[in-house]
Amino acid sequence: MGCLQPYITSILLLLSGLIQWGGARVLVEVQSGPLHRVIGYPISISCNVSGFSNPSAQQDFRFSVYKPKNPTQEIQIISTDDNNYAMAVYGARVRGDVITLERLSVTSVLFHVKSLEDGDEGEYECHTPNSEVVYDGTYNAKTTLKGNIYCISQSEPYCSVDVHPSNPVSIVIKDTLTASSTGPASFSLSEGDDLTLQCLASTNTFQHTHLSITWYHHGDREASPHPIISLDRDLTVSPGQRFEGRYQKGLIVLDKLEEATYRLKMARIELSDAGRIYCHAQEWIQDPDRSWYPIAQKDTQPTTLEVKAIVVAPDQGSGSMVVSMIVHKTQLQEGEELSLLCIVNTQGPVGQFFSVAWVKDNQELAQIGPTGVLSVGPEYGGRERGGELRAVRTREKTHLLTLRPIRTQDQGVYHCRAWPQERDGNGVFTQGSTQDSTTETITITATESGLAVAMETQQVSVNEGDALQLTCRVSGVKGQLSVTWQHRSASMATGHFSDIISLSRVGVMELGAEFGKRNVRTMRPMADTFTLELGEVTPSDAGAYQCTVSEWTTEANGNGKKTHSQSQDCSVEVHHVESLLSVYLSSRGVQVTVGGEVELVCRVRGPSLPVTVTWSLQREGQSAPDNILTLSYTGDITWSGDQSNYQLRATTGKKEVRYYLRIIKASHKETGRYQCVISAFLLGRHRKPWNSNALGVLVQTPESVLTLSSSSSPLDKSVKTDIQMECSVAKATSNSSRFAVSWLAQKNGEGNKTVLSSDRDAVITLGLGSGTEQRISMRRREGRSFELTIRQARSWDNGMYYCVVEEWLQDPHGQWYKLQPSSAAMELRINQKVTILSVNQTDLEMEVKEGEGAELTCALTSGDPASLYSLTWFYMRRGSSFSPRVPLVILGHDGVLKYPEDQDNRGLQDQKGRLIFSSPSHGTFLLGLQRALQGDSGVYQCQVDQYKLNHGNWELSATNQSGKTNLTVRRPIEDVSEVLSEQGFVTESVLGIFIPLVCILAILVMVLSIKLKRKGSAGNKKQANSLWLELNPLNPRPED
């Protein structure tokens, strides 16, 4: 199950999101209870709300409490929307900011009480006022501080309360944490000395709590303290950042000696260690949501530390140096102590600096520097931290190295090495020449011991990103045990082991330097079993792992003594994640009709790793795919497009995880090539993405089942009657279909022409050039019937009529699309009586000057003298072949002359006074147009209807139309210009002749006028003949 944990977490989060996705309901959530807190300490309760239609709108929060004595009475505490919300019992604490509300976001807050008081127990309620019109959900939530307490007496810090499920009693527990220090209140040490401090910390809280201990150092001139080393609530040791280097060298150690005793050891103290050192204890409790919360904390009285610098006398010459080594015993048994004493004799002054090192088989074991700081080689670093290796300066020129218990691998050739060190004014040391002592061979004989160590598996394979678990079993145990796990990289087959983690005999864990920031722990699940757990392994974790188990006994003084140690190795191989993961995209069906469902399956095979999955769609014509959604390794879903048409789910199998993308109702928009891309998340970063195969999905238009029914064909009708043709939908593809209808006509062998059309929204459009615009109409009847009406049918209405119906459907996105059209054909036959009516069909061109008259002729070429005729003159503007025909004048068969009032001929109303209609002979009809204007230009045509007497009624028997007369009216100035242009006159010649002639005539007129005037004034009354004699007087024609 451990390997499936990343997937289970992602799937649970995903399912939770999908459940909430079904509908937005308001939900107020408060921190789960019961919560246990201590009087005098703070409390914080979180509250958030979700499900409002506008998630970015700021919501208000109100906190109240229900006390155990009266659990039904609400006591208001604080609110974000009302400063006077608090009742009197809490008003002072709210105004004094002891109780506050901290807004984390528009939908979440933190309720803070800085210091709990006796009586704050109760059931706390968080309420969110509804900010919308409709109530939908839960607007409040409660959390309780409650517990079972056992009384000893009224004076004890805890008491017994029986809690009944139906009537919970809420309490606030009292502070029982104590912390104190042992030893003097101050120390005065020299640079390089050792310091040991102890702290006693315990608690009597009735709840199950953990303690954490941290030693702090507060320098004299520092504003805040710095952690030296800490033991957390899980008994894991971690150094402070400033002291990490010294901890890795083993100079700082934190031990848990007894149930409540914690010891700090600082070797080789430095000048910077001067100041105050104290112990900080914290008590932790685990809330129902599995999170840990500190409920109490205490500090011990600080210990003042004074560090004196080493005083060095002025340099008087280094003199000669002799180095010797004394070994008390060269042949040892395993488990005994090896002691190497290094003595440096020099003629230099007292206080001279020098360094000393112990060397085994030409490899340096340990070194004490000029200031007394110990540094240990990597092979013995773990043993120094475990207390097996110690090196101290016993006197000014004497240094002692001890190894206990000695192991068989410790045998070899040892010697001591020393060299002088000179320090300048800046404190920088300069190394002198080295001197070595004589060598000593140390022999280690193995002793008989019942302790045996065995690795459960010698060869282990693990996938990158998985957790590595190794098991080490022991037997023949006689005392307490400690374990140390070490690692040697696969690239260093013969190199030294580095420490991973160790577990002391009292259960304290210490991490190695290289694994300090890794997720690693060692456990002892059973008395004879030790386990190592290393999370999220990387390729560099491959190599050899060593389990070293040590046996301890307790001496008379209470100190522990290591008696025996045994080690066992195993090999670990790490498989790269790139070679393990594979992804494949499949589907049961990739062709679906609009509105259908498609489910795509992305199969991820390989080790159980947290992965991020991205679904993408590349449509035809796009250069890059569009992301649909991204499912993060944390379970969060990020939508890049419209999420309303998709659903996502995931399932976990033994060998693969399947991610399903479901298209609920497919449309043409979902057509394209789908792909899923996965990226493993390891060590805080995403790895190289893996692309699945591309899978094409085709969303097809559904097959049309549209069936039409129509009027019977052929349809025989008479002229001048109204005709209805009907077309109905007998069967449709969907009940929600819409229909677009077009009526087409085919006459005289010509192509189909649209008569009328109606789109899916029932907007009707007239056909162009049909010639029957004023006599046709269409309507939609009840149901799905469409009717075409032709009023006063004419002989030329004969032909084939087609009803073409397009069925339109709406896709899930609201877009309309059409199916294959269907049509129904009907033949219309117009019956008319035999007639000899015929009208001159010749087309004419006529041109007149503006202001002149024009006469248009409409003549019968054959007819019946016994018949009556009605005639209509039509006008149509030039410039558009689709211009409507406008009736100008109508002569009925009863002889009544009418000028029709029509919207289209209002611009021609000025012709009414200039039109002269006459019939000089039977069968000849003239239309005169006086004082022609340019606006009169256009096409003129007449239509003749023949009526015959039938049983006392005059009935229409035939209709015919004349040819078209194209009339052009020109301006006079245009005529002069044309004449001049045709005769080739030159402008200069005209002016040269015309201007002198005009002048002469003007002079003659003036002279004659003067003479006539004089004669009139002389009294001569005889009237002479006029110069202009009207020989042919104009006879004005009476106006119509």
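In what order do the 4 strands of the open sheet that includes β43 and β49 run? In this predicted model, the order is β43-β45-β50-β49, and the pairing is antiparallel. Strands of a sheet are held together by backbone hydrogen bonds, in either a parallel or an antiparallel arrangement. At the edges of this sheet you will find β43 and β49, each pairing on one side only. Averaged over the sheet, and with direction ignored, neighbouring strands are turned by 20° against each other.

β45 and β50 pair in the antiparallel sense over 8 bridges.

Now to the nonpolar side chains. The largest nonpolar core has 38 residues, and L600, W615, Y659 and Y674 have the most contacts inside it. Two or more residues each come from β43 (582–587), β45 (598–605), β46 (611–618), β47 (626–631), β49 (646–652), β50 (656–663), β51 (672–682) and β54 (695–700). β51 gives the largest share of this core, 5 residues. Another core lies apart from this one; it has 33 residues, including V38, L231, I269 and A281.

Moving to another part of the chain, there is an open sheet of 4 strands in the order β10-β12-β17-β16, with antiparallel pairing. Its edge strands are β10 (178–182) and β16 (252–256), each of which pairs on one side only. The twist from one strand to the next averages 20°. Between β16 and β17 (residues 261–266), the antiparallel pairing runs over 5 bridges, and V253 has K265 as its bridge partner in β17.

Aromatic rings are the next stop. To describe a pair of them, one gives the distance of the centres and the angle of the planes. The count of aromatic pairs here comes to 8. Why is the pair of Y216 and Y278 called stacked? The ring centres are 5.5 Å apart and the planes meet at 20°, so the pair is stacked, given that planes under 30 degrees apart count as such. This pair links distant parts of the chain, with Y216 in strand β13 (residues 209–218) and Y278 in strand β18 (residues 275–286), 62 residues apart. Y216 has a relative accessible area of 21%, so this residue is partly exposed; Y278 has 15%, so Y278 is buried, since buried means under 20%.

Y633 and F681 form a stacked pair too, 3.8 Å centre to centre with 10° between the planes. They also link distant parts of the chain: Y633 lies in the loop between β47 and β48 (637–639), F681 lies in strand β51, and 48 residues separate them. Y633 counts as partly exposed at 25% relative accessibility, whereas F681 is buried at 15%.

Two more places are worth a look before you go. Ring pairs join F52, Y135 and Y139 into a cluster. And at Y293, the charged end of R37 sits over the ring, 3.7 Å from its centre.

How values were computed
Residues numbered from 1 in each chain as written. Predicted model: local features only at pLDDT ≥ 70, side-chain atom pairs only at ≥ 80, totals over all residues. Heavy atoms only, no water. Pairing = 2+ DSSP bridges. Axes fitted to C-alpha atoms, helices over the stretch in contact; angles between N-to-C directions. Core = buried A, V, L, I, M, F, W, Y, C linked by side-chain atoms within 4.5 Å. Buried < 20%, exposed > 50% of the residue type's maximum accessible area, 1.4 Å probe, protein only. Phe/Tyr/Trp six-rings, centres within 6.5 Å; stacked < 30°, edge-to-face > 60°. Lys NZ or Arg CZ within 6 Å of the ring centre and 35° of its normal.
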